[in-house]
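My notebook is open, and today I am looking things up one residue and one element at a time. Come along and check each entry for yourself.

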Amino acid sequence: MLALVVPAFALIMLLVIVGQQPDGRLHLWVLDVGQGEAILLRTPQGHTAAIDGGPGATPLLNGVGSRLPFWQRNIDLVVLTSPVQDRLMGLVDLLGRYNVGQVVQTEYTATGGVQAQWLRLLDASHVPVHYAARGEMLTFAGEPDVALEVLSPAEGSDGAIALRLTYAFHSILISGEARDEADAEMVSYKGEGLRSQVLVVGHSGGKGAATPRFLEAVRPQAAIISVGPGNRFGYPAQDTLDRLSATGARVYRTDLNGTVEVIADGERLWVRTER
């Protein structure tokens with residue numbers, strides 16, 4: 001009996017390992033982390049990036065751990081779009097669990113608490129830190145067709161980071177904390193160059209997010225809002241939901257749909273939800 005059990009176990013492990021290998025597609029997960037935002041990206045060749053970390057360690061580490069191979073302890077890139085608590089908290093523990101190749105963020109003066117802790121951890125870990133500026137391209141070695149374009153902040157500004165991910169003919173715009181003023185600046189800077197199939201809506205869909213002029217430039221087919229159920233802020237705002245619906249975009253919400261996954265194979269792009 002033992003001789004039969006061991007090969008069966010080995011076969012199961014082989015299937016698990018094969019199933020967790022890069023599949024030649026781009027995967028972007030807007031993780032269900034509650035009231036905040038955390039995004040995990042895996043490129044067709046298996047490079048990885050974490051964009052924000054949500055409000056706590058457990059949802060982020062569970063989300064990342066269940067979608068990356070169990071043996072993987074490296075993340076190529078971490079982007080902190082804004083040092084606010086509901087985007088930063090989870091990254092503190094991520095930095096302790098994974099070997100991070102580079103951190104991209106804005107330069108800021110810590111007000112104490114988790115902001116100061118994060119800066120101390122970066123200094124102690126000797127992870128290279130780069131301060132993002134509009135127009136830069138964040139790329140992955142050996143994958144010239146995958147890039148994260150920095151749309152915001154403008155050089156010399158202390159605003160939050162917004163990104164446009166491109167892969168072949170696909171595009172996903174990650175708004176970060178963008179609202180009225182940031183939206184207007186991006187439209188002035190890029191115009192119709194903001195056009196994207198998917199929009200990750202800024203500021204959890206709160207008031208002032210996804211302004212009409214911005215949506216006219218982006219023209220998303222799908223919009224994803226990372227938001228916690230029954231949150232005290234009342235996000236997403238009904239005005240924002242109405243504007244998104246008016247564009248014809250299909251709206252996904254992590255409080256209703258769980259983790260939302262965007263998959264692209266260079267020819268097609270589709271969205272899959274956890275529930």
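**Entry 1: Glu-37**

I began with the contacts of Glu-37, leaving out residues up to four places away in sequence: Glu-37 touches Asp-52, Gly-53, Gly-54, Asp-86, Arg-87, Ile-174, Val-200, Val-201 and Ser-226. Contact here means heavy atoms within 4.5 Å. I found Glu-37 in the loop between strand S1 (26–30) and strand S2 (38–42). Helices (H or I, at least four residues) and strands (E, at least two) are DSSP runs, numbered from the N terminus. Is Glu-37 buried or exposed? Glu-37 is buried, because its relative accessible area is 1%. The words work like this: buried is under 20% relative accessible area, exposed is over 50%, and partly exposed is in between, with a 1.4 Å probe and protein chains only. I also looked up one distance: the C-alpha atoms of Glu-37 and Asp-76 are 19 Å apart, and the two residues are 39 residues apart along the chain.

**Entry 2: what I am looking at**

I noted that this is a predicted model, in which local features need pLDDT of at least 70 and side-chain atom pairs count only at pLDDT 80 or more, while totals for chains, interfaces and linings use all residues. Residues are numbered from 1 along each chain as its sequence is written, and side-chain values use heavy atoms, with hydrogens and water left out.

**Entry 3: the whole chain**

I counted 8 helices and 15 strands in the chain. How does the radius of gyration agree with a compact globule? A compact globule of 275 residues would have a radius of gyration near 19 Å, and the chain has 19 Å, so the two agree. That radius is taken over C-alpha atoms, and the globule rule is 2.2 Å times the number of residues to the power 0.38. The box filled by the C-alpha atoms, taken along the principal axes, is roughly 70 × 45 × 40 Å.

I then looked at burial: 52% of the 275 residues count as buried. Among contacts between residues at least 6 apart in sequence, 64% join residues at least 24 apart. The accessible surface comes to about 12,500 Å², and 52% of that belongs to carbon and sulfur atoms. Accessible areas come from the Shrake-Rupley method with a 1.4 Å probe, and for residues only the protein chains shown count as cover.

**Entry 4: helix H3**

I went to helix H3 (residues 85–97) next. Its 13 residues should span 18 Å at 1.5 Å a residue, and its end C-alpha atoms are 19 Å apart, which agrees. The expected span is 1.5 Å times one less than the number of residues. Which residues of H3 are buried? They are Arg-87, Leu-88, Gly-90, Leu-91, Val-92, Leu-94 and Leu-95. Their cover includes strand S3 (48–53), helix H2 (57–65), strand S4 (74–79), strand S5 (99–105) and helix H4 (113–125).

**Entry 5: helix H4**

I followed the cover to H4, which has 13 residues and reaches 18 Å from its first C-alpha to its last, close to the 18 Å expected. Val-114, Gln-115, Ala-116, Trp-118 and Leu-122 are buried in H4, and what covers them includes H3, S5 and strand S6 (129–131). After H4 comes His-126, with a positive phi near 60°.

**Entry 6: backbone angles in loops**

I found a cis peptide bond between Ser-152 and Pro-153, with omega about 10°. Pro-153 lies in the loop between strand S8 (143–152) and strand S9 (162–167). A cis peptide bond also joins Tyr-235 and Pro-236, with omega about -5°, and Pro-236 is in the loop between strand S12 (222–225) and helix H7 (238–246).

I looked up His-203 in the loop between strand S11 (198–200) and helix H6 (212–218). His-203 is not a glycine, yet its phi is positive, near 55°. Ala-210 lies in the loop between S11 and H6, and its phi is positive too, about 50°. His-203 is buried at 11% relative accessible area, and Ala-210 is buried at 3%.

**Entry 7: Phe-169**

I ended in the loop between S9 and strand S10 (170–174), where Phe-169 sits. Phe-169 counts as exposed because its relative accessibility is 76%. Not counting residues up to four places away, Phe-169 touches Gln-197 and Gly-266.
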